Amino acid sequence: SFAESDALKKVIIGNKIKNIEDESFSSCANLSHVVIKYGVKSIGAGTFGKSHKTINCIDPTPDYRITVEIPSSVKEIGDSAFLSDYGNTEHILIPNPKAKIITPKNSYAHKWAKKNDIKVQVFNVKKPSNVSKLRAKEQTQTSVKLTYKAGANAEVYEIYQLKSGSYKKIATTSNLSYTVKKLKAGTVYKFKVVSVNETKTSAGKVISTATQPKKAVIKKI
């Protein structure tokens, strides 16, 4: 997608992206920092590989430095994701010695980095707190809008609905509001919003609300 682009310096990949395809950012000579948000699931082969070759020329003194922040949601990384031809003129691919992964302790990326000789910086994740000021607004006959204040240390929020005696997850969002649709008119519902981060979840905040009833129809006077 962006291979061999000299213009890229920093990239932030949002949580709506689920898979980063093979070689998406390979041989980007000046790309030094990549932030991958929680929700991305896989990183393809050769994605962050570096090479002497750039768009315009063979760079005799390329900078292979690159730091990639990888969340615990990533469960697959291609074997050659950080390979380079650093330090040799034959362009033999080796693990990039100037590459570094920042990731939660004991995550898939942490174990992968150690296995593939890539520098890794790990951090412990604090448990997220519940959302606050959970409210139900803009009720219609078929929908309810849930709004809430952010929970500390939260990356995303999981929305649950009480169905048949247990809470079922209906959505995951990074927004501070979510509209539940396809509901029945004049019906009481219970929802729960759970704060989620790299490795942990909160207990969740519960709210009870109702959809608007259908308008009364006078059939006879």
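What radius of gyration does the protein chain of 221 residues have, and what would a compact globule have?

## Overall dimensions

The protein chain has a radius of gyration of 24 Å, whereas a compact globule of 221 residues would have one near 17 Å; the radius is taken over C-alpha atoms, and the globule rule is 2.2 Å times the number of residues to the power 0.38. Along the principal axes, the C-alpha atoms fill a box of roughly 95 × 35 × 25 Å.

This is a predicted model, in which local features need pLDDT of at least 70 and side-chain atom pairs count only at pLDDT 80 or more, while totals for chains, interfaces and linings use all residues. Residues are numbered from 1 along each chain as its sequence is written, and side-chain values use heavy atoms, with hydrogens and water left out.

## Fold and burial

The secondary structure comes to 1 helix and 17 strands, taken as DSSP runs numbered from the N terminus (helices H or I, at least four residues; strands E, at least two). Of the 221 residues in the protein chain, 42% are buried, that is, under 20% relative accessible area with a 1.4 Å probe, protein chains only.

Among the contacts (heavy atoms within 4.5 Å) in the protein chain with a separation of 6 or more, 53% are between residues 24 or more positions apart.

Terms used: Buried means under 20% relative accessible area, exposed over 50%, partly exposed in between (1.4 Å probe, protein chains only).
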